[in-house]
Amino acid sequence: MLENKDQQRTSLGDLGEFGLIDHLTKHFDITHQSTIKGIGDDAAVLAFPDEQIVVTTDLLVEGVHFDLSYMPLKHLGYKAVMVNLSDVYAMNASASQITVSIAVSNRFPLEALEDLYLGIQTACKNYKIDLIGGDTTSSNVGLVISITAIGHVSAQNVTSRSNAKPNDLLVVTGDLGGAYMGLQILEREKEVFKVNPNSQPDLEQYSYIVERQLKPEARKDIVALFASLEIFPTAMIDISDGLSSEILHICKNSMVGCNLYEEKIPLDPQVISTCEEFDIDSTTIALSGGEDYELLFTISQDDYSKIKANPNFTVIGHMTQQSEGAHLITRANTKIPIVARGWNALQSED
(Lines give C-alpha, C1' and ligand atoms only; values in the text may rest on other atoms or scores of the structure.)
Protein backbone atom coordinates (compact mmCIF):
# COMPACT_ATOMS: atom_id res chain seq x y z
CA MET A 1 0.00 0.00 0.00
CA LEU A 2 2.86 2.35 0.79
CA GLU A 3 5.45 0.93 -1.58
CA ASN A 4 6.59 2.93 -4.60
CA LYS A 5 7.22 0.36 -7.34
CA ASP A 6 9.42 2.77 -9.28
CA GLN A 7 11.82 3.55 -6.46
CA GLN A 8 15.54 2.94 -6.83
CA ARG A 9 16.66 -0.40 -5.40
CA THR A 10 20.24 -1.01 -4.33
CA SER A 11 20.99 -4.62 -3.40
CA LEU A 12 22.40 -5.05 0.10
CA GLY A 13 24.86 -7.54 -1.34
CA ASP A 14 26.58 -4.68 -3.16
CA LEU A 15 27.79 -3.28 0.18
CA GLY A 16 28.53 -6.27 2.39
CA GLU A 17 27.84 -6.32 6.15
CA PHE A 18 30.44 -3.80 7.26
CA GLY A 19 29.86 -1.52 4.32
CA LEU A 20 26.14 -1.58 5.13
CA ILE A 21 26.76 -0.65 8.78
CA ASP A 22 29.09 2.17 7.75
CA HIS A 23 26.57 3.46 5.23
CA LEU A 24 23.58 3.41 7.57
CA THR A 25 25.36 4.94 10.58
CA LYS A 26 27.63 7.56 9.00
CA HIS A 27 25.28 10.46 9.82
CA PHE A 28 24.85 9.64 13.52
CA ASP A 29 26.58 12.07 15.89
CA ILE A 30 27.99 11.39 19.38
CA THR A 31 26.55 13.80 21.97
CA HIS A 32 27.25 12.24 25.40
CA GLN A 33 30.51 12.53 27.32
CA SER A 34 29.80 9.04 28.65
CA THR A 35 30.27 7.65 25.12
CA ILE A 36 34.03 7.09 25.06
CA LYS A 37 34.01 4.86 21.98
CA GLY A 38 31.04 4.11 19.74
CA ILE A 39 30.70 2.41 16.35
CA GLY A 40 33.89 1.26 14.63
CA ASP A 41 35.59 -1.00 17.16
CA ASP A 42 34.96 -4.46 18.59
CA ALA A 43 32.82 -3.00 21.37
CA ALA A 44 31.56 0.33 22.62
CA VAL A 45 33.19 1.93 25.65
CA LEU A 46 31.06 3.90 28.13
CA ALA A 47 31.91 5.71 31.35
CA PHE A 48 29.31 6.54 34.01
CA PRO A 49 31.12 7.67 37.16
CA ASP A 50 29.06 7.60 40.36
CA GLU A 51 25.84 6.42 38.69
CA GLN A 52 23.97 3.18 38.19
CA ILE A 53 23.49 1.81 34.69
CA VAL A 54 20.07 0.84 33.28
CA VAL A 55 19.96 -1.59 30.32
CA THR A 56 16.87 -2.80 28.45
CA THR A 57 16.27 -4.70 25.20
CA ASP A 58 13.22 -5.17 22.99
CA LEU A 59 12.78 -7.34 19.91
CA LEU A 60 10.33 -6.39 17.14
CA VAL A 61 9.40 -9.00 14.52
CA GLU A 62 7.59 -8.34 11.24
CA GLY A 63 4.15 -9.93 11.24
CA VAL A 64 4.09 -10.12 15.05
CA HIS A 65 4.82 -6.58 16.24
CA PHE A 66 4.36 -4.54 13.06
CA ASP A 67 2.72 -4.68 9.64
CA LEU A 68 4.62 -2.92 6.85
CA SER A 69 1.47 -2.57 4.74
CA TYR A 70 0.63 0.52 6.83
CA MET A 71 3.72 1.10 9.00
CA PRO A 72 6.20 3.31 7.10
CA LEU A 73 9.79 2.21 7.72
CA LYS A 74 10.78 5.66 9.01
CA HIS A 75 7.99 5.48 11.60
CA LEU A 76 9.01 1.93 12.48
CA GLY A 77 12.58 3.00 13.18
CA TYR A 78 11.35 5.83 15.39
CA LYS A 79 8.88 3.64 17.26
CA ALA A 80 11.44 0.88 17.83
CA VAL A 81 13.62 3.37 19.69
CA MET A 82 10.65 4.72 21.70
CA VAL A 83 9.71 1.23 22.90
CA ASN A 84 13.13 0.93 24.54
CA LEU A 85 13.49 4.48 25.84
CA SER A 86 10.14 4.14 27.57
CA ASP A 87 11.51 1.26 29.65
CA VAL A 88 14.50 3.37 30.69
CA TYR A 89 12.29 6.29 31.73
CA ALA A 90 10.10 3.87 33.70
CA MET A 91 13.14 3.33 35.94
CA ASN A 92 13.27 7.11 36.56
CA ALA A 93 16.52 7.09 34.56
CA SER A 94 17.98 9.16 31.72
CA ALA A 95 18.60 7.31 28.44
CA SER A 96 21.88 8.03 26.68
CA GLN A 97 22.86 5.26 24.23
CA ILE A 98 21.32 2.55 22.03
CA THR A 99 22.55 -0.34 19.95
CA VAL A 100 20.55 -1.44 16.89
CA SER A 101 20.64 -4.92 15.37
CA ILE A 102 18.58 -5.95 12.37
CA ALA A 103 17.93 -9.15 10.47
CA VAL A 104 16.64 -8.41 6.99
CA SER A 105 15.52 -10.47 3.98
CA ASN A 106 16.63 -9.82 0.43
CA ARG A 107 13.28 -8.26 -0.46
CA PHE A 108 14.49 -5.07 1.27
CA PRO A 109 16.77 -2.83 -0.81
CA LEU A 110 19.26 -0.41 0.69
CA GLU A 111 16.82 2.47 0.27
CA ALA A 112 14.32 0.76 2.60
CA LEU A 113 16.93 0.43 5.33
CA GLU A 114 17.92 4.06 4.81
CA ASP A 115 14.31 4.99 5.64
CA LEU A 116 14.38 2.76 8.73
CA TYR A 117 17.62 4.33 9.96
CA LEU A 118 16.34 7.82 9.20
CA GLY A 119 13.57 7.15 11.74
CA ILE A 120 16.13 5.84 14.23
CA GLN A 121 18.30 8.90 13.63
CA THR A 122 15.35 11.25 14.14
CA ALA A 123 14.59 9.56 17.47
CA CYS A 124 18.24 9.85 18.50
CA LYS A 125 18.28 13.57 17.69
CA ASN A 126 14.95 14.30 19.37
CA TYR A 127 15.86 12.42 22.55
CA LYS A 128 19.61 13.17 22.53
CA ILE A 129 20.66 9.53 22.26
CA ASP A 130 23.95 8.13 20.89
CA LEU A 131 23.90 5.13 18.54
CA ILE A 132 26.98 3.16 19.62
CA GLY A 133 26.78 -0.20 17.86
CA GLY A 134 24.73 -3.16 16.72
CA ASP A 135 24.72 -5.89 14.10
CA THR A 136 23.18 -6.80 10.76
CA THR A 137 22.43 -10.25 9.39
CA SER A 138 20.19 -11.92 6.82
CA SER A 139 16.70 -13.20 7.57
CA ASN A 140 14.26 -15.52 5.86
CA VAL A 141 11.26 -14.23 7.85
CA GLY A 142 11.23 -10.59 6.81
CA LEU A 143 12.48 -7.82 9.09
CA VAL A 144 13.56 -8.26 12.72
CA ILE A 145 14.76 -5.33 14.84
CA SER A 146 16.48 -5.63 18.22
CA ILE A 147 17.35 -2.46 20.11
CA THR A 148 19.17 -2.22 23.42
CA ALA A 149 18.91 1.05 25.34
CA ILE A 150 21.34 2.16 28.02
CA GLY A 151 20.67 4.79 30.65
CA HIS A 152 21.91 6.07 33.96
CA VAL A 153 20.45 7.16 37.25
CA SER A 154 21.74 7.97 40.72
CA ALA A 155 21.33 5.08 43.14
CA GLN A 156 18.84 6.95 45.33
CA ASN A 157 16.56 7.74 42.38
CA VAL A 158 16.17 4.26 40.88
CA THR A 159 12.45 3.43 40.70
CA SER A 160 11.34 -0.19 40.34
CA ARG A 161 7.95 -1.92 40.41
CA SER A 162 8.45 -3.22 43.93
CA ASN A 163 8.11 -0.40 46.46
CA ALA A 164 4.46 0.63 46.28
CA LYS A 165 2.77 0.77 49.70
CA PRO A 166 -0.86 0.47 50.76
CA ASN A 167 -2.58 3.90 50.54
CA ASP A 168 -0.15 5.14 47.88
CA LEU A 169 -1.89 6.95 45.05
CA LEU A 170 -1.94 5.32 41.60
CA VAL A 171 -1.18 7.88 38.89
CA VAL A 172 -0.91 7.77 35.10
CA THR A 173 0.53 10.21 32.58
CA GLY A 174 -1.28 11.29 29.43
CA ASP A 175 -4.31 9.36 28.19
CA LEU A 176 -4.91 5.73 27.33
CA GLY A 177 -6.33 3.56 24.55
CA GLY A 178 -5.29 5.76 21.63
CA ALA A 179 -2.65 3.43 20.19
CA TYR A 180 -4.97 0.43 20.13
CA MET A 181 -7.80 2.34 18.47
CA GLY A 182 -5.33 3.79 15.96
CA LEU A 183 -4.39 0.19 15.12
CA GLN A 184 -8.06 -0.67 14.58
CA ILE A 185 -8.40 2.20 12.10
CA LEU A 186 -5.28 1.10 10.20
CA GLU A 187 -6.42 -2.52 10.11
CA ARG A 188 -9.82 -1.46 8.79
CA GLU A 189 -8.25 0.67 6.05
CA LYS A 190 -5.98 -2.26 5.13
CA GLU A 191 -9.05 -4.45 4.53
CA VAL A 192 -10.68 -1.70 2.45
CA PHE A 193 -7.50 -1.44 0.39
CA LYS A 194 -7.53 -5.20 -0.29
CA VAL A 195 -10.99 -4.86 -1.81
CA ASN A 196 -10.29 -1.60 -3.63
CA PRO A 197 -6.58 -0.85 -4.19
CA ASN A 198 -7.48 2.52 -5.70
CA SER A 199 -9.10 3.77 -2.50
CA GLN A 200 -7.39 6.61 -0.65
CA PRO A 201 -8.06 6.49 3.10
CA ASP A 202 -9.10 9.73 4.81
CA LEU A 203 -7.52 9.47 8.24
CA GLU A 204 -7.69 13.15 9.21
CA GLN A 205 -10.47 12.69 11.77
CA TYR A 206 -8.37 9.90 13.35
CA SER A 207 -5.05 11.75 13.24
CA TYR A 208 -4.36 11.66 16.98
CA ILE A 209 -4.96 7.95 17.52
CA VAL A 210 -3.19 6.92 14.29
CA GLU A 211 -0.13 8.89 15.40
CA ARG A 212 -0.33 7.23 18.82
CA GLN A 213 0.06 3.90 17.01
CA LEU A 214 2.58 4.81 14.30
CA LYS A 215 4.72 7.39 16.10
CA PRO A 216 4.44 7.16 19.90
CA GLU A 217 6.57 9.35 22.12
CA ALA A 218 8.37 8.06 25.22
CA ARG A 219 7.82 10.22 28.32
CA LYS A 220 11.32 11.60 28.86
CA ASP A 221 9.68 14.81 30.06
CA ILE A 222 8.15 13.09 33.06
CA VAL A 223 11.52 12.10 34.54
CA ALA A 224 12.61 15.75 34.40
CA LEU A 225 9.24 16.82 35.81
CA PHE A 226 9.63 14.49 38.80
CA ALA A 227 12.96 16.12 39.59
CA SER A 228 11.59 19.66 39.31
CA LEU A 229 8.56 18.85 41.48
CA GLU A 230 10.70 16.90 43.95
CA ILE A 231 8.57 13.81 43.52
CA PHE A 232 9.97 10.32 44.03
CA PRO A 233 7.60 7.59 42.76
CA THR A 234 7.44 4.57 45.04
CA ALA A 235 6.92 2.28 42.01
CA MET A 236 6.72 2.82 38.27
CA ILE A 237 6.18 0.91 35.00
CA ASP A 238 5.52 1.92 31.40
CA ILE A 239 2.20 1.02 29.79
CA SER A 240 3.13 -1.23 26.89
CA ASP A 241 0.71 -4.15 27.41
CA GLY A 242 -2.37 -2.39 28.76
CA LEU A 243 -3.26 -0.71 32.05
CA SER A 244 -4.59 -3.88 33.72
CA SER A 245 -1.40 -5.87 33.09
CA GLU A 246 0.82 -3.08 34.36
CA ILE A 247 -1.25 -2.57 37.52
CA LEU A 248 -1.00 -6.28 38.28
CA HIS A 249 2.79 -6.19 37.74
CA ILE A 250 3.08 -3.46 40.38
CA CYS A 251 0.71 -5.30 42.73
CA LYS A 252 2.64 -8.56 42.38
CA ASN A 253 6.10 -7.02 42.73
CA SER A 254 5.11 -4.72 45.61
CA MET A 255 2.83 -7.27 47.30
CA VAL A 256 -0.11 -4.86 47.48
CA GLY A 257 -3.66 -4.65 46.19
CA CYS A 258 -5.31 -1.83 44.24
CA ASN A 259 -8.57 0.01 43.70
CA LEU A 260 -8.77 1.51 40.19
CA TYR A 261 -11.66 3.91 39.51
CA GLU A 262 -13.21 3.61 36.06
CA GLU A 263 -14.43 7.20 36.01
CA LYS A 264 -10.87 8.47 36.58
CA ILE A 265 -9.23 6.70 33.60
CA PRO A 266 -8.11 9.45 31.15
CA LEU A 267 -9.47 9.03 27.61
CA ASP A 268 -9.03 11.36 24.65
CA PRO A 269 -12.33 12.38 22.97
CA GLN A 270 -11.08 10.76 19.73
CA VAL A 271 -10.66 7.46 21.58
CA ILE A 272 -14.20 7.70 22.98
CA SER A 273 -15.79 8.52 19.62
CA THR A 274 -13.84 5.82 17.78
CA CYS A 275 -14.79 3.24 20.41
CA GLU A 276 -18.43 4.21 19.85
CA GLU A 277 -17.93 3.85 16.09
CA PHE A 278 -16.50 0.34 16.54
CA ASP A 279 -19.02 -0.50 19.30
CA ILE A 280 -16.19 -1.26 21.73
CA ASP A 281 -16.17 -0.38 25.43
CA SER A 282 -13.59 2.38 25.98
CA THR A 283 -12.70 1.19 29.49
CA THR A 284 -11.86 -2.26 28.09
CA ILE A 285 -9.57 -0.63 25.52
CA ALA A 286 -7.77 1.43 28.17
CA LEU A 287 -7.33 -1.66 30.34
CA SER A 288 -6.19 -4.06 27.63
CA GLY A 289 -5.15 -2.10 24.54
CA GLY A 290 -1.48 -1.45 25.19
CA GLU A 291 1.26 0.41 23.28
CA ASP A 292 0.41 3.77 24.85
CA TYR A 293 3.92 4.09 26.38
CA GLU A 294 2.65 6.32 29.14
CA LEU A 295 4.01 5.92 32.65
CA LEU A 296 2.04 4.37 35.50
CA PHE A 297 3.38 5.11 38.96
CA THR A 298 2.58 5.29 42.65
CA ILE A 299 3.34 8.10 45.07
CA SER A 300 2.82 8.75 48.74
CA GLN A 301 -0.36 10.68 49.54
CA ASP A 302 1.92 13.35 51.00
CA ASP A 303 2.99 14.19 47.43
CA TYR A 304 -0.55 14.71 46.12
CA SER A 305 -0.35 18.50 46.44
CA LYS A 306 2.65 18.48 44.07
CA ILE A 307 0.73 16.87 41.20
CA LYS A 308 -2.93 17.77 41.71
CA ALA A 309 -2.94 20.76 39.34
CA ASN A 310 -0.55 19.30 36.76
CA PRO A 311 -2.19 18.39 33.42
CA ASN A 312 0.38 15.62 32.81
CA PHE A 313 -0.95 13.51 35.68
CA THR A 314 -4.23 11.80 36.55
CA VAL A 315 -4.81 10.03 39.85
CA ILE A 316 -6.77 6.90 38.91
CA GLY A 317 -6.79 4.93 42.15
CA HIS A 318 -4.90 3.87 45.24
CA MET A 319 -3.03 0.86 46.52
CA THR A 320 -4.50 -1.38 49.23
CA GLN A 321 -3.44 -4.32 51.36
CA GLN A 322 -2.46 -7.35 49.29
CA SER A 323 -5.26 -9.39 50.86
CA GLU A 324 -7.85 -7.05 49.33
CA GLY A 325 -6.76 -7.87 45.78
CA ALA A 326 -6.82 -5.64 42.69
CA HIS A 327 -10.20 -4.28 41.62
CA LEU A 328 -11.85 -1.93 39.15
CA ILE A 329 -14.50 0.26 40.79
CA THR A 330 -17.01 0.86 38.01
CA ARG A 331 -19.07 3.98 37.39
CA ALA A 332 -21.98 2.05 38.88
CA ASN A 333 -19.85 1.54 42.02
CA THR A 334 -19.50 -2.20 41.56
CA LYS A 335 -16.19 -3.93 42.30
CA ILE A 336 -14.72 -6.13 39.57
CA PRO A 337 -11.41 -8.04 39.86
CA ILE A 338 -8.75 -6.69 37.49
CA VAL A 339 -7.64 -9.37 35.04
CA ALA A 340 -4.62 -9.09 32.74
CA ARG A 341 -5.96 -9.22 29.20
CA GLY A 342 -3.17 -7.21 27.64
CA TRP A 343 -1.47 -8.22 24.41
CA ASN A 344 0.93 -11.16 24.74
CA ALA A 345 3.44 -11.80 21.96
CA LEU A 346 3.81 -15.43 23.04
CA GLN A 347 0.15 -16.35 23.14
CA SER A 348 -1.05 -18.89 20.60
CA GLU A 349 -3.87 -18.35 18.17
CA ASP A 350 -7.24 -19.78 19.21
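Predicted model: local features only at pLDDT ≥ 70, side-chain atom pairs only at ≥ 80, totals over all residues.
**Entry 1: Leu186**

Leaving out residues up to four places away in sequence, I found Tyr70, Leu203, Val210, Gln213 and Leu214. Leu186 sits in helix α4.

**Entry 2: α4 and α5**

Next I followed helix α4, residues 178-195, to helix α5, residues 207-214. Their axes come within 7 Å and cross at roughly 100°. An angle of 65 to 115 degrees counts as roughly perpendicular, so α4 and α5 are roughly perpendicular to each other. I listed the residues that make the contact. On the α4 side they are Gly178, Ala179, Met181, Gly182, Leu183, Ile185 and Leu186. On the α5 side they are Ile209, Val210, Arg212, Gln213 and Leu214. By class, I noted eight nonpolar residues, three polar and one charged in this contact.

**Entry 3: α5 and α8**

I stayed with α5 and looked at helix α8, residues 269-278. The axes of α5 and α8 come within 8 Å, and the crossing is again at roughly 100°. This pair is therefore roughly perpendicular as well. Which residues of α5 meet α8? They are Ser207, Tyr208 and Ile209, and they meet Gln270, Val271 and Thr274 in α8. I noted three nonpolar and three polar residues in the contact of α5 with α8, and no charged ones.

**Entry 4: the four-stranded sheet**

I moved on to a sheet. This one is open and has four strands in the order β3-β6-β4-β5, with mixed pairing. Its edge strands are β3, residues 52-61, and β5, residues 130-138, each of which pairs on one side only. Neighbouring strands here are turned by 15° against each other on average, with direction ignored. I then picked one pair. Strand β4, residues 94-104, runs parallel to β5, and eight bridges join the two. I looked up the bridge partner of Thr99 in β5 and found Gly133.

Helix α2, residues 73-89, touches β3, β4 and β6, residues 144-153. The direction of α2 makes about 35° with that of β6. Helix α3, residues 110-127, touches β4 and β6, and its direction makes about 170° with that of β4.

**Entry 5: two positive phi values**

Asp50 has a phi of about 65°, and its place is in the loop between β2, residues 45-46, and β3. Asn92 has a phi near 65°, and its place is in the loop between α2 and β4. Is Asp50 buried or exposed? At 79% relative accessibility, Asp50 is exposed, because the cut-off for exposed is over 50%. Asn92 has a relative accessible area of 9% and is therefore buried.

**Entry 6: β8 and β10**

I checked strand β8, residues 235-238, on both faces. Ala235 and Ile237 lie on one side, Met236 and Asp238 on the other, and all are buried. Four bridges join β8 to strand β10, residues 295-299, and these two strands run antiparallel. Asp238 stands opposite Leu295 in β10.

**Entry 7: Asn259**

I looked up Asn259, which lies in strand β9, residues 256-261. Asn259 is buried because its relative accessible area is 9%. Residues up to four places away in sequence aside, Asn259 touches Ile316, Gly317, His318, Thr320, His327, Ile329 and Lys335.

**Entry 8: the whole chain**

Last, I noted the totals. The chain has 10 helices and 13 strands. Of its 350 residues, 50% count as buried. Among contacts with a separation of 6 or more, 87% are between residues 24 or more positions apart. The accessible surface comes to about 17200 Å², and 49% of that surface belongs to carbon and sulfur atoms.

How values were computed:
Residues numbered from 1 in each chain as written. Heavy atoms only, no water. Buried < 20%, exposed > 50% of the residue type's maximum accessible area, 1.4 Å probe, protein only. Contact = heavy atoms within 4.5 Å. Areas by Shrake-Rupley, 256 points an atom, 1.4 Å probe, with all protein chains shown as cover. Pairing = 2+ DSSP bridges. Axes fitted to C-alpha atoms, helices over the stretch in contact; angles between N-to-C directions. Parallel < 35°, antiparallel > 145°, perpendicular 65-115°, else oblique. Nonpolar A, V, L, I, M, F, W, Y, C, P; charged D, E, K, R; others polar.
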